[in-house]
Amino acid sequence: MGKLDGKVAIVTGSGRGIGREIALKLAADGAAVVVNDLDEAPAKGTVADIEAAGGRALACPGSVTDDDFAQRFVQAALDGFGGVDIIVNNAGYTWDSVIQKMTDEQWDAILDVHLKAPFRILRAAQPIIAAAVKRTRESGATVPCRKVVNISSVAGLGGNAGQTNYAAAKAGVTGLTKALAKEWGRYNVTVNTVAFGLIRTRLTDAPADGSSTIDVQGHQIRVGLNPQLMESMESVIPLGRAGTPAEAAGAVYMFCIPESDYVSAQTVVCGGGYTM
């Protein structure tokens, strides 16, 4: 018996990296998972791994910033598994620049993926959750605790030079979390935030010589950290190292299990003891 047996989770950006580890962890504990990635192949790869381990999953590829995505994503959970119990807003990337060189396009792109997309997904989920709660109450049964976990960053808590767009978006996630916790408490939904510190992913481990990029809807976004910079950043982390995607997923998992059913509107920093 898993702690999440019978639960349905939707996780954005779960084809790779931290999101993939979140999807695998939730599925391993019994949840059926709707997997999303910008690209179809990684999403289907995560689904295949979950199914190979005996779990249930389906893929819903596409950009979280598309106008029709939120409704399609939530509907996939409803059609495929019968409802929504856990929502993890994880998808995102960075597009850095100092403010005088940052374009409106850079600003809007990062606010859209990190803040507007979660807002749209949560808005699309509300009618489904409200209807399910109403049916449960009318039947006389106890309303189960549903979970929302929004992903932020230490940059959203303390700022970071060169990331005014990202820091603003992630700070907004905290406000979104606190407001929604007050709105959805009546549905027995907890809403929390995990703010990541330095986590080793393909975006941080790539060579920082300008040759490593990711394609985001036609834009080639540079990724990677200089090894010396990584070493310097790790030196100020009390645990002495960057975190792993699996460790990042563990922090999200804590907010998804029954032990956290009375914890809401909180932000937990998963950063090895480091805060900005």
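Asn36 counts as buried, with a relative accessibility of 1%; buried means under 20% relative accessible area, exposed over 50%, and partly exposed in between (1.4 Å probe, protein chains only). This residue is placed in the loop between β2 and α2. The model is predicted, so local features need pLDDT of at least 70 and side-chain atom pairs count only at pLDDT 80 or more, while totals for chains, interfaces and linings use all residues. Residues are numbered from 1 along each chain as its sequence is written, and side-chain values use heavy atoms, with hydrogens and water left out.

**Surroundings of Asn36**

- A polar atom of the Asn36 side chain lies 2.9 Å from the backbone nitrogen of Gly13. A polar contact is a pair of N or O atoms within 3.5 Å; within protein, one must be able to donate a hydrogen and the other to accept it, and residues adjacent in sequence count only if both atoms are side-chain atoms.
- A polar atom of the Asn36 side chain also lies 3.0 Å from the backbone oxygen of Cys60.
- Apart from its neighbours within four places in sequence, Asn36 is in contact with residues including Val11, Thr12, Gly13, Ser14, Cys60, Pro61, Phe69 and Phe73. Contact means heavy atoms within 4.5 Å.
- Leu58 is 22 residues from Asn36 in sequence, and their C-alpha atoms are 8.8 Å apart in space.
- Leu58 is placed in strand β3, and its contacts, leaving aside neighbours within four places in sequence, include Val33, Val34, Val35, Val47 and Phe81.

**The sheet**

- Seven strands form an open sheet in the order β3-β2-β1-β4-β5-β6-β9, with parallel pairing. Two strands pair if DSSP finds at least two bridges between them.
- The edge strands, each of which pairs on one side only, are β3 (57-59) and β9 (267-270).
- From one strand to the next, the twist averages 20°. Axes are lines fitted to C-alpha atoms, for helices over the stretch in contact, and angles run from 0 to 180 degrees between N-to-C directions.
- Strands of a sheet pair through backbone hydrogen bonds, either parallel or antiparallel.
- Strands β1 and β2 run parallel and are joined by four bridges; Val11 stands opposite Val35 in β2.
- Strand β6 (residues 189-196) and β9 also run parallel, with four bridges between them; Thr193 stands opposite Thr267 in β9.
- In a regular strand the side chains alternate between the two faces of the sheet.
- In strand β1 (residues 8-11), Val8 and Ile10 point one way and Ala9 and Val11 the other way, and all are buried.
- Helix α2 (residues 40-52) lies across β2 (32-35) and β3, and runs at about 170° to β3.

**Residues in other loops**

- Most residues other than glycine have a negative phi, and most peptide bonds are trans.
- Asn188, although not a glycine, has a positive phi of about 60°. This residue is found in the loop between α6 (164-184) and β6, and is partly exposed at a relative accessible area of 30%.
- Ala265, although not a glycine, has a positive phi of about 65°. The residue lies in the loop between α9 (245-254) and β9, and counts as buried at 19% relative accessibility.
- Gly240 is found in the loop between α8 (227-235) and α9, and is partly exposed, with a relative accessible area of 48%.
- Gly240 and Glu259 are 19 residues apart in sequence, and their C-alpha atoms are 29 Å apart in space.

**The protein as a whole**

- The protein has nine helices and nine strands. Helices (H or I, at least four residues) and strands (E, at least two) are DSSP runs, numbered from the N terminus.
- The radius of gyration is 18 Å, close to the 19 Å that the globule rule gives for 276 residues, so the protein is as compact as a globular protein of that length. The radius is taken over C-alpha atoms, and the rule is 2.2 Å times the number of residues to the power 0.38.
- Taken along the principal axes, the C-alpha atoms fill a box of roughly 60 × 35 × 35 Å.
- Of the 276 residues, 50% are buried.
- Among contacts between residues at least 6 apart in sequence, 69% join residues at least 24 apart.
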